Amino acid sequence: MDRYTYCNEAGTIAYALCILANSPYLIIDCEGKNIGAVDGVLSLMCIGTARAEHIFVFDVIALKPFHSHLMPLLALLRNPNVHKIMWDCRKDFLEIAQMYETKLQGVVDLQLAEVESRRTVRGEKEFRREGRLASGGRRLPLRVVKGDKDLFRDVHAVQGMDSCLRETGLSTEGKDPEIVAMHKANGSALWLERPLSSKLLHYAAHDIEMLGDLYEHFVRTGWITSSGIHLLLEQSARYADAAYNQGRVPEGDVFGSSAVLPLDILKEPLGIMMMCEGCRRMQSLLCFTTLKQGRQVKARKSICRVCQINTMVRNVDHPVYWVKVSL
Ligand SMILES: [Zn+2]
């Protein structure tokens, strides 16, 4: 039996709304062609209830004529009191914001919760943070990370949902390898095909189940606590906003989102803000490599430290120069 409801007309929307409106929180994940990129097209918006007991797969393309029927759902997405459990909210947030003129509120990003738990719950030390940056195909040799303390200060590697499922021991199976292989071979345009095969719909719904499992695990192990949720909500909102303000970038763009967490996300920006000429994001001075005279900052690099690191990870030669700082 299918564990999900496919929503592609008014009747199923109404049914989904009745169930979703009664859930204490929602689990959200989107699928589409190159979502978040300049040629991105949203195909499916999957929304689950608590513990993924119900999963609704909204066919964004088929539902275009039913826009007015979606209004109550969009109100739910905007309601900050209804938390939205997500894994790396950046691209989904941007797609939903532009498709439905609806900015998700109350996002609880599990990817950030995982990063935060390394230090606060698991007691990971500096060498482990550096080790994580140097692993996972980021092409950053450990000696490079260790050799430039200033560049890598407070910079964290983020991981994919699959890798977290393995690390937590929740699943060794993860995503359907057949679909992952199809993605690798033909790209993500397969999400635009209609009718969608039940295999693809299943794959999309399965992500919601995995997110539900992760969330339960995070709460059980204290990676998410009632006292820490307020901070996590703020961090998640900054994470979503940073990507939204940067806007769509070409797929694989050197300054696009990567497996290196941008700065000014875990911590609130402090002091004067400056624009990075890579990601174009306004960030505090701490996010840049600086040149000091005594204790006074005289200049900063034209791109932020994470953009500098991304040029290294992606092996791109990008001109970087000093910009005078007058405080
Ligand atoms: Zn930058």
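**Reading the labels in this model**

Q: Where does Pro195 lie?
A: In this predicted model, Pro195 is found in the loop between α9 (177-186) and α10 (198-220).

Q: What is the form of the peptide bond from Arg194 to Pro195?
A: This bond is cis, with omega near -5°. Most peptide bonds are trans.

Q: What makes the phi of Ala52 worth a remark?
A: Phi of Ala52 is near 55°, a positive value, and the residue is not a glycine. Arg51 also has a positive phi, of about 55°, and is not a glycine. Most residues other than glycine have a negative phi. Arg51 lies in the loop between β3 (41-48) and β4, and Ala52 lies in the loop between β3 and β4.

Q: Why does Ala52 count as buried?
A: Buried means under 20% relative accessible area. Ala52 has 2%, so Ala52 is buried.

Q: Which residues coordinate the zinc ion?
A: The donors are the SG atoms of Cys276, Cys279, Cys304 and Cys307, at 2.2 to 2.3 Å. Donors must lie within 2.8 Å of the metal, so these four qualify. Along the chain they follow the spacing C-x2-C-x24-C-x2-C.

Q: Why is the arrangement around the zinc ion called tetrahedral?
A: Four donors count as tetrahedral if all angles lie between 85 and 135 degrees. Here the angles are 103 to 121°, so the arrangement is tetrahedral.

Q: Where in the chain do Cys276 and Cys304 sit?
A: Cys276 is in the loop between β7 (273-275) and β8 (282-284), and Cys304 is in the loop between β10 (296-301) and α12 (305-313). The pair links distant parts of the chain, 28 residues apart. Cys276 has a relative accessible area of 0% and is buried; Cys304, at 2%, is buried as well.

Q: How many aromatic pairs does the structure hold?
A: The structure holds five aromatic pairs, among them Tyr15 with Phe56.

Q: How do you know that the charged end of Lys301 sits over the ring of Trp322?
A: The charge must be within 6 Å of the ring centre and within 35 degrees of the ring normal. The distance for Lys301 is 4.7 Å. Arg300 lies over the face of Phe288, at 4.6 Å from the ring centre.

Q: Why does the radius of gyration of the chain agree with a compact globule?
A: For 327 residues the globule rule gives a value near 20 Å, and the chain has 20 Å, so the two agree.

Note on methods
Residues numbered from 1 in each chain as written. Predicted model: local features only at pLDDT ≥ 70, side-chain atom pairs only at ≥ 80, totals over all residues. Heavy atoms only, no water. Donors = N, O, S within 2.8 Å, 3.2 Å for Na, K, Ca; no water. Tetrahedral: all angles 85-135°; square planar, octahedral: opposite > 155°, others 65-115°. Helix = DSSP H or I, 4+ residues; strand = E, 2+ residues; numbered from the N terminus. Buried < 20%, exposed > 50% of the residue type's maximum accessible area, 1.4 Å probe, protein only. Phe/Tyr/Trp six-rings, centres within 6.5 Å; stacked < 30°, edge-to-face > 60°. Rg over C-alpha atoms; globule rule 2.2 N^0.38 Å.
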